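Have the structure open while you read.

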Amino acid sequence: MRRVAALLVCACLFGLPAPASAAPVREPVGWAATGSGTTGGAGGTTWTVRTRVELKEALGNGGDPAAPKVIRVVGDIDGHEADDGSLLGEQDYAPGYDLARYMSCFGVDGAEWSDTRYDYCKRQRQLRQAGSANEKAQIQLTVPSNTTLVGAGDDARLLGVFLTVNTGTNIVVRNLRLEAPVDHFTTWSPADGARGSWNARFDALTVITGRNIWIDHCTFTDGRFPDREAPLGFHGEHVQRHDGLLDIEDGSDFITVSDSRFDDHDKAILIGSGDGRGDRDRGHLKVTFARNLFTDIVQRAPRVRFGQVHVVNNVYRGRAADTVYALGVGVESALFSERNVFRYREGAAALAVADYGGDRFQDTGSWVNGRPAHLNDLAIAMGLTPEAGWDPADVYDYRALTSAPAVEGYVLRHAGSGRTDGRP
C-alpha cells in the first residue's frame, strides 16, 4: 500500500543527546532515512577544525575513528596544505614533471605513447605516475563511520580535498562547499573514444561501499579552476583536470543527496562502478536526489547503473549548446524521475534523458522550459520501458512539490552551502 507522506519538504528537527556545544541535527528524507536511518556522529565528541592537519586528526578521533563524532569545519581547508602550513604544488609532488613534454611523447596527434620518442619520455612517464601517487596521498581524506562533517557558518570550504568514504556507514556531510581537486597528473588515453580522452583521478567526494549516508546543503564545483581555463591539449581542446564531483560505487546503499548545488562541471555524478560490475552493484545503489540545483552541468546528473535511484524536485539549468544530457539511464538501472524542472536555453526535452544501455525509465510530472516534459514518451522513443519497476512511495515517506514555480522557488532559495539557517 502506498504510504502518503507526512514529512514536510524542509524536514523536521529532532532532539539528540549531544553535548551542549553541538546543535541538533535534521533528518534526511529518502533512502538515507530507511532501515537504521542516518544520524552521523550525533551525541559524540565535537571537534572544531581549521586546517588539513586538524581535520585529519579529527577524522582519526583520537585512535577511535568509528566512534560517534561531529567535526565542525571553520573557514577554508586546503587539501594541498602541508603539515607546516605551506601549500604544495605540481613540482613538490614530482620535481621535473612537465605536461607539454608528457604530451609530446604521444606524438603530434596524441595517437600513441613511446618511451623512446624523445630521450625524456620514459622519465616523464615515471614522474607522472609518482606525482599522481604523491598527490593522492596528500589530498585524500577518508571519512569513517558515525561521523558528521559540517561547515560552521556560511563560508566553510574544502579546497582541493579528495574526500572519500570507504566502507563507512552512518555519515552526514553538510553545509560545505567542496571544490573538486585539480589532478596535476591527469592521464591521456589515446584509445578512449574516437579521438582519445583525458582521465583525471580525483573526485570532490567518492563513496565506495558506503551505507546510510546523507549529503545535505553542500555545493560541489570546480570553483577557481574550471577546465575551460586549463592548458590546451590534443586536438585544440582543453586538458581535463577534474574527474567527477560525486561518485557512488561498489555496492554503496541508502544514500540521500538533498538541497545541494552542482555547478559548472562536465561529468558530475556517476552511480555504479561499471557495466560489468553487477556482482558488486546489483541490488544496491539505492540513492535519492531531492531538491538539488544543477547549473551548467554537461552530463551525468546523475548517470546510473544498476541502482534504484529517485530524482525528485531537482532543478536543471544551462545552455543547450553546452549540455549533453541530465539523467543517464545505464545498465540495469531503475531510475524514477519525479517533478523535476529542466530549463535549457534554446533546448528541448531530449537533453533531459539519455540511454546508456538501460531498459527502464519512469517520469512523473516533470517540466521542460515551463511545459510538461512528456519524458515517458521520450523514453519509449529510445526503446526504454516507461516503468521503473519500483515506486519510492512504497519505500519511504516524502511529499513532492507539485508545480514548477514551487520547485524552482524552493530550490533557488535553499539549495547549497551557507543556506542552512545556522543548523548543522
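The second largest cavity holds about 60 Å³ of space. A cavity here is a set of points, on a 1 Å grid over the protein atoms alone, where a 1.4 Å probe fits but cannot get out, and its lining residues have an atom within 4 Å of a point. Grid points are joined across faces, edges and corners, and a volume is the space filled by probe spheres set on the points. Keep in mind that this is a predicted model: local features need pLDDT of at least 70, and side-chain atom pairs count only at pLDDT 80 or more, while totals for chains, interfaces and linings use all residues. Residues are numbered from 1 along each chain as its sequence is written, and side-chain values use heavy atoms, with hydrogens and water left out.

**The cavities**
- By this rule there are two cavities of 30 Å³ or more.
- Among the residues lining the second largest cavity are Phe294, Asp296, Tyr316, Arg317 and Tyr344.
- That lining divides into seven nonpolar, two polar and two charged residues. (Ala, Val, Leu, Ile, Met, Phe, Trp, Tyr, Cys and Pro count as nonpolar, Asp, Glu, Lys and Arg as charged, and the others, Gly among them, as polar.)
- β22 and β25 (315-319) each give the lining of the second largest cavity at least two residues. (Strands are DSSP runs of E with at least two residues, helices are runs of H or I with at least four, and both are numbered from the N terminus.)

**The pockets**
- A pocket, by contrast, is an open set of points with protein on both sides within 12 Å along at least five of seven lines.
- The largest pocket has about 570 Å³ of space, and 22 residues line it, with Asp227, His238, Gln240, Asp266 and Val298 nearest its centre.
- Its biggest contributor is β19, with four lining residues.
- Charged residues number 10 in the lining of the largest pocket, next to six nonpolar and six polar ones.
- The second largest pocket comes to about 320 Å³, and the residues nearest its centre are His80, Val182, His184, Phe225 and Arg241.
- In the lining of the second largest pocket you'll find 10 nonpolar, four polar and six charged residues.

**An open sheet**
- Eight strands make an open sheet with parallel pairing, in the order β6-β9-β14-β17-β20-β23-β26-β29. (Two strands pair if DSSP finds at least two bridges between them.)
- At the edges sit β6 (140-142) and β29 (353-356), each pairing on one side only.
- Helix α4 (residues 121-139) packs on the sheet and touches β6 and β9 (162-166), with its direction at about 40° to that of β6. (Contact means heavy atoms within 4.5 Å; axes are lines fitted to C-alpha atoms, for helices over the stretch in contact, and angles run from 0 to 180 degrees between N-to-C directions.)
- β14 (residues 205-208) and β17 (residues 246-249) run parallel and share four bridges, and Ile208 has Glu249 as its bridge partner.

- How many of the residues of β7 (residues 147-151) are buried? Five of its five are. (Buried means under 20% relative accessible area, exposed over 50%, and partly exposed in between, with a 1.4 Å probe and protein chains only.)
- β7 pairs in the parallel sense with β4 (residues 69-73) over five bridges, and four bridges join β7 to β10 (residues 169-174), also parallel.
- Thr147 is the bridge partner of Lys69, and Thr147 is also bridged to Ile171 in β10.
- In α7 (residues 404-414), Ala404, Val407, Glu408, Tyr410 and Val411 are buried, and their cover includes β22 and β25.
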